[in-house]
Structure formats: C-alpha cells, structure tokens
Amino acid sequence: MDHFTLRDGVLHAEDVPIPAIAAAVGSPVYIYSRATLTRHAQVFLAGLGGVPRKHVAFAVKSNPNLAVLRLLAKEGFGADCVSGGEVERALAAGMAPEGIVFSGVGKTAAELKRGLEAGIGQFNLESEEEGVELAQIAAALGLTARCALRVNPDVDAGTHGKISTGKAENKFGVAYDKAAGIYGRLSALPGLEMRGLAVHIGSQLASLEPLEAAFTRMGVLMQDIRVQGDNVTHMDLGGGIGVPYKAGDRMPSPADYGAMVARVTGNWGTTLMFEPGRVISGNSGVLVTRVIRVKPGVSAPFVVVDAAMNDLARPALYDAWHDFIAVEPTGAQMVANIVGPICESSDTFAMGRTIDAVGAGDLAVFRTAGAYGATMANTYNSRALVPEVMVDGDKWAIVADRIEPATILAAERVPDWLD
Ligand SMILES: *Cc1c(COP(=O)(O)O)cnc(C)c1O
C-alpha cells in the first residue's frame with residue numbers, strides 16, 4: 001500500500017497534488033512519500049516481532065537519498081552499504097557507525113581502512129583474501145574489525161538472472177563447502193573478530209521457499225563452525241523480498257517472512273541481521289513524467305515521454321514492469337507503446353500496453369519507482385540528472401536537485417595539446 005491516490009480526479013502524493021510539484025520542479029522528477037516509507041519500515045519491523053535480537057540495515061543502494069536515510073535512521077534502521085560512497089552517505093544521514101554493515105565484493109584497501117576508522121559495525125567479507133587484507137589493515141591501525149563471512153549457498157532464488165546472487169556461479173561470497181575452513185582460518189587472525197555468517201541470494205524474490213532453503217543451509221553451516229570451535233553470534237540474512245509491480249503480483253508479506261525466519265532460526269541463539277531494500281523503498285516512490293507527444297506506430301501509437309532509461313533503468317536492464325497511470329485520468333483508455341527520448345530501442349517502458357489515455361502535455365507517473373530508480377540514474381545522451389522530492393502530508397521539499405547538463409559540462413576539460 002502507498003499514499004499516491006486520486007482525489008477529485010487528480011493524483012496526489014499524500015496531500016500534495018502532483019501537478020503542483022511538476023509545475024514548480026519540472027519533469028521528470030521522483031516523488032517519495034514519507035508516510036509510505038515510515039509505514040513500510042514499521043511493517044517490516046513488526047513482521048520480525050518473533051525475533052528477539054535483531055538489527056535491520058536498510059540496503060542503501062536501493063535508495064541512497066540523504067532524506068530517505070535520515071528518515072529510516074529515525075525508525076531505528078542501520079544501513080547496508082556496498083561502497084565507500086554509501087558509507088559516507090549513511091554517516092552523513094546520521095546513521096550510527098555501529099549500525100552500518102559494509103558489504104560488497106570489491107571493497108578496496110582504502111575503503112576498508114575508512115570503514116575501520118569510522119567504527120563500522122560489521123564487515124561482510126566476500127573472500128578469504130579480503131579477510132586477510134582487512135586483518136592486516138586493522139592490526140596496523142591497532143583496531144579490531146567485526147566481521148561476517150558471506151557464503152554462497154548455491155540456491156536458485158527464482159528471480160531475474162541479473163539480480164540472482166546465490167548460485168554457485170555468481171561472484172558473491174565464498175563457496176558453501178569451503179566456508180567453515182575459511183571461517184576457522186580467519187578467526188585465528190589478529191585484527192579480526194569473526195562473529196557470523198551472511199547470505200543474500202538475490203532481489204525481487206516472489207517466494208519464501210528459496211530463502212528458507214538458504215537459511216536452513218546456513219543454520220547447518222553455523223553448527224559445523226561451532227563444532228570446530230569457532231564463535232557465531234550474528235547471522236545476517238540479507239534482503240530480497242519482492243514487491244508487487246503489477247496487478248496480480250503476489251509477494252510474501254513481511255509478516256510471513258518474519259514467521260518463516262522465526263521458525264527456521266528459533267534455536268540458533270544468535271542476533272539476526274537483515275538488509276531489506278526494495279520492500280522498504282519500492283512502493284514509496286513514483287517517477288513523474290510528461291508526455292512530449294504521441295506518434296503513430298505499426299500496431300500501436302508511441303507515447304513519447306520526457307523520462308527515459310537514464311532516469312529509470314529497470315525496464316531496459318531487467319525487462320521490468322512499472323505501472324503507468326495518468327495524473328488526471330479521463331476514464332478513457334488506449335493501447336500504446338511507452339518510450340523515452342533516448343536514441344536506443346531499449347529506451348522502452350512498455351509495448352502494446354493498455355493505459356490511461358494520454359496526449360501531448362499530460363502528466364503521468366511510473367509507479368513503484370522508489371527502489372533502484374533515481375539511484376541508477378545517469379546522464380546518458382547528456383540529459384540532466386533527475387531530481388527528487390519528498391512529501392510529508394501537505395509539505396514537500398526538493399531532496400535532490402536536478403543536475404543540469406551545463407553543470408556536468410563544466411567538469412570536463414579539453415587538454416591544450418589538442419589545439
Ligand atoms: C542489494 C542487496 C540487498 C537488498 O536487496 P533488496 O532486494 O532490495 O532487498 C541486501 N543485501 C545485499 C548484500 C545486497 O547486495
């Protein structure tokens with residue numbers, strides 16, 4: 001559920017009519033609803049009511065906006081970061097360093113050092129080599145790095161191949177059958193406090209079964225590691241719950257997820273950690289766009305909108321579906337192809353879809369764009385970087401400026417030896 005609803009025939013973000021924001025900020029523009037974000041955060045925590053000791057770290061990569069991170073910090077969330085830049089954002093948003101988990105398959109020595117000096121709560125190691133390097137850096141600084149070992153459980157998440165991360169052939173984590181040995185060797189290194197295991201098998205999971213299979217395997221591994229004499233006090237279960245993008249999508253609820261987790265982990269005796277992204281941020285945002293014009297096509301007309309694949313990459317990247325609805329629907333419908341202005345055929349949001357009838361100048365939104373939306377935006381075709389707005393009741397504010405092409409151009413140089 002979200003807080004983008006029609007009132008008197010006009011789509012509102014909470015109590016703010018979307019045309020008012022578009023008139024002031026222009027389009028395309030992302031709009032986030034504070035009430036929706038807060039609600040999703042609270043529903044997720046409530047779903048974990050049966051888990052006595054837990055820490056929830058929001059997957060920053062799904063929506064790294066500073067205002068979003070600040071809001072989630074106030075709800076008691078930490079941050080799951082996958083780069084030094086994300087760590088800086090989480091700290092800038094006021095997240096406690098102890099609440100930050102530093103994940104990522106390619107953390108550099110400089111990033112590891114920065115994380116240590118900042119007092120990051122947990123490093124999720126993706127290889128033995130990374131652990132050895134972190135141990136050396138920590139020992140040289142006279143610090144101890146709290147660590148979990150990310151394990152690849154070789155479970156098929158049943159999601160899109162580009163967002164599957166838990167199959168043996170994926171780059172993430174260490175092989176399941178090597179994990180206990182690696183854990184034991186890393187536990188012996190000065191500078192490291194090995195305290196747990198981490199797993200994350202993929203994103204936009206429509207079923208709890210692969211998650212349950214992965215967690216069950218992790219529980220077995222945890223016992224093996226304890227039997228060999230090493231400590232396991234924390235288990236990080238990652239993120240991955242899907243959200244409905246289209247009518248009829250059935251997704252696991254946070255309550256069902258929490259019940260499954262409580263059942264599988266009931267006798268583990270560890271603190272559980274979670275890294276939800278999409279399930280918190282997905283439904284809390286829309287991408288507002290204006291129809292530039294409608295041109296004829298072979299089987300359906302092309303609705304050319306001013307948002308493009310550089311603003312919302314998911315359809316081009318993962319063939320993802322985003323509902324498209326008019327901001328002031330007339331009740332009439334049309335069948336159309338929805339495309340952006342970029343010079344690529346992949347700049348297509350929908351083909352042959354039945355949508356609200358729209359014409360040149362009309363505003364519309366792509367729904368469920370709060371996760372993996374603005375965060376993936378770029379300036380391809382020398383387009384502006386899309387701005388972001390947050391709404392709270394009848395208040396709203398720009399939370400990320402539109403970065404105009406002129407600003408980007410000003411950062412480029414022509415060396416004088418070219419002339
Ligand atoms: C992307 C990612 C997440 C979040 O995934 P969602 O599907 O958005 O919940 C969590 N943990 C790690 C390590 C990730 O890479």
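Me: How many bridges join strand E1 to strand E2, and in which direction do the two strands run?

Reply: Please bear in mind that this is a predicted model. To read a pairing, one looks for the bridges between two strands and then for their direction. Here, four bridges join E1 to E2 (residues 10-13), and the two strands run antiparallel. Within this pairing, Arg7 stands opposite Val10 in E2.

Me: What is the order of the strands in the open sheet?

Reply: The order is E1-E2-E3, in an open sheet of three strands with antiparallel pairing. The edge strands are E1 (4-7) and E3 (16-17), each of which pairs on one side only.

Me: Let us turn to charged side chains. How many salt bridges does the count come to?

Reply: Side chains of opposite charge can pair when their charged atoms come close. In this model the count comes to 12 salt bridges. One of them is formed by the side chains of Arg114 and Glu88, at 2.5 Å from N to O.

Me: Which parts of the chain does the pair of Arg114 and Glu88 tie together?

Reply: Arg114 lies in helix H5 (residues 109-118) and Glu88 in helix H4 (residues 84-92), so the pair ties together parts that are 26 residues apart in sequence. Arg114 is partly exposed, with a relative accessible area of 33%. Glu88 also counts as partly exposed, at 33% relative accessibility.

Me: Are Lys107 and Glu130 buried or exposed?

Reply: To answer this, one compares the relative accessible area with a cut-off: under 20% is buried. Both Lys107 and Glu130 are buried. Their side chains meet in a salt bridge, at 2.7 Å from N to O. This pair links distant parts of the chain, 23 residues apart: Lys107 is in the loop between strand E7 (100-102) and H5, whereas Glu130 is in helix H6 (residues 128-141).

Me: With which residue does the side chain of Glu128 meet in a salt bridge?

Reply: The partner of Glu128 is Arg185, at 2.8 Å from N to O. Glu128 lies in helix H6 and Arg185 in helix H7 (residues 176-187), so this contact ties together parts that are 57 residues apart in sequence. Glu128 is partly exposed, with a relative accessible area of 21%, and Arg185 counts as partly exposed at 48%.

Me: Which residues do salt bridges with shared partners join into one network?

Reply: When reading such contacts, one also checks for shared partners. Here, Arg34, Asp392 and Lys395 are joined into one network in this way.

Note on methods. Residues are numbered from 1 along each chain as its sequence is written. This is a predicted model: local features need pLDDT of at least 70, side-chain atom pairs count only at pLDDT 80 or more; totals for chains, interfaces and linings use all residues. Side-chain values use heavy atoms; hydrogens and water are left out. Two strands pair if DSSP finds at least two bridges between them. A salt bridge is a side-chain nitrogen of Lys or Arg within 4 Å of a carboxyl oxygen of Asp or Glu. Buried means under 20% relative accessible area, exposed over 50%, partly exposed in between (1.4 Å probe, protein chains only).
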